[in-house]
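The questions below go through its surface, its core and its charged pairs.

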Amino acid sequence: MCNSIFLSEQVSAGSAGMGVQTLLIYLLLFVGLWFLMIAPQRKKQKSHLEMIRSLKKGDRVVTSSGIFGTIADVKEDRFVLSIADDAKIEIFKSFIQTKIEKK
């Protein structure tokens, strides 16, 4: 009888140790995932937002759908792009992909 109580205490202590190890492994996996995927994406998103905020009238841009244009007007939540002679479109600011730098 005494041996069975001692064995059950060892099993429960061993399984508690395994639970802590498993939790530690999951925590390390989450930290690794953060540094490999989430942090770079947030950095890229932040730089894109800064680029959007710095755009002004006359800048040449490319939209996410591949349309090249020149910013003709800046509104609160969108840009008016001049894409050809007498052809203008309005587009949300978030759809600007890149700014074309002048050479």
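Patches are made of residues with over 30% relative accessible area and no salt bridge: like charges are joined within 9 Å, nonpolar side chains (Val, Leu, Ile, Met, Phe, Trp, Tyr) within 5 Å. Accessible areas come from the Shrake-Rupley method with a 1.4 Å probe, and for residues only the protein chains shown count as cover. A salt bridge is a side-chain nitrogen of Lys or Arg within 4 Å of a carboxyl oxygen of Asp or Glu. The model is predicted: local features need pLDDT of at least 70, side-chain atom pairs count only at pLDDT 80 or more, and totals for chains, interfaces and linings use all residues. Residues are numbered from 1 along each chain as its sequence is written, and side-chain values use heavy atoms, with hydrogens and water left out.

Q: What pattern does the protein follow along the sequence?
A: Helices (H or I, at least four residues) and strands (E, at least two) are DSSP runs, numbered from the N terminus. The protein has 1 helix and 5 strands. Read in order, the pattern is α-β-β-β-β-β.

Q: How much accessible area does the nonpolar patch on the surface have together?
A: Among its members are Leu24, Phe30, Leu33 and Met37. Leu33 lies in helix H1, residues 2-54. Leu33 has a relative accessible area of 37% and is partly exposed; buried means under 20%, exposed over 50%, partly exposed in between (1.4 Å probe, protein chains only). Together the patch residues have about 970 Å².

Q: Which residues is Met51 in contact with, leaving aside its neighbours within four places in sequence?
A: Contact means heavy atoms within 4.5 Å. Met51 belongs to the largest nonpolar core. Its contacts, with those neighbours left aside, are Ile96, Gln97, Thr98 and Lys99.

Q: Is Asp59 buried or exposed?
A: Asp59 sits in the loop between H1 and strand S1 (60-63). A polar atom of its side chain lies 2.9 Å from the backbone nitrogen of Lys56. With a relative accessible area of 7%, Asp59 is buried.

Q: Which residue forms a salt bridge with Asp59?
A: The closest N and O atoms of this pair are 3.8 Å apart. The pair links distant parts of the chain, 40 residues apart, and the partner of Asp59 is in strand S5 (residues 96-100).

Q: Which residues do salt bridges that share partners join into one network?
A: Lys75 and Glu90 meet in a salt bridge (2.9 Å, N to O). Lys75 is in the loop between strand S2 (68-74) and S3, and Glu90 is in strand S4 (residues 87-92). Arg78 forms a salt bridge with Asp77, with the closest N and O atoms 3.8 Å apart. The network joins Lys75, Asp77, Arg78 and Glu90.

Q: What percentage of the residues count as buried?
A: The protein has 103 residues. Its accessible surface comes to about 8400 Å², with 63% belonging to carbon and sulfur atoms. The buried share of the residues is 15%.

Terms used:
Core = buried A, V, L, I, M, F, W, Y, C linked by side-chain atoms within 4.5 Å. Polar contact = N/O pair within 3.5 Å; in protein donor to acceptor, adjacent residues only side chain to side chain.
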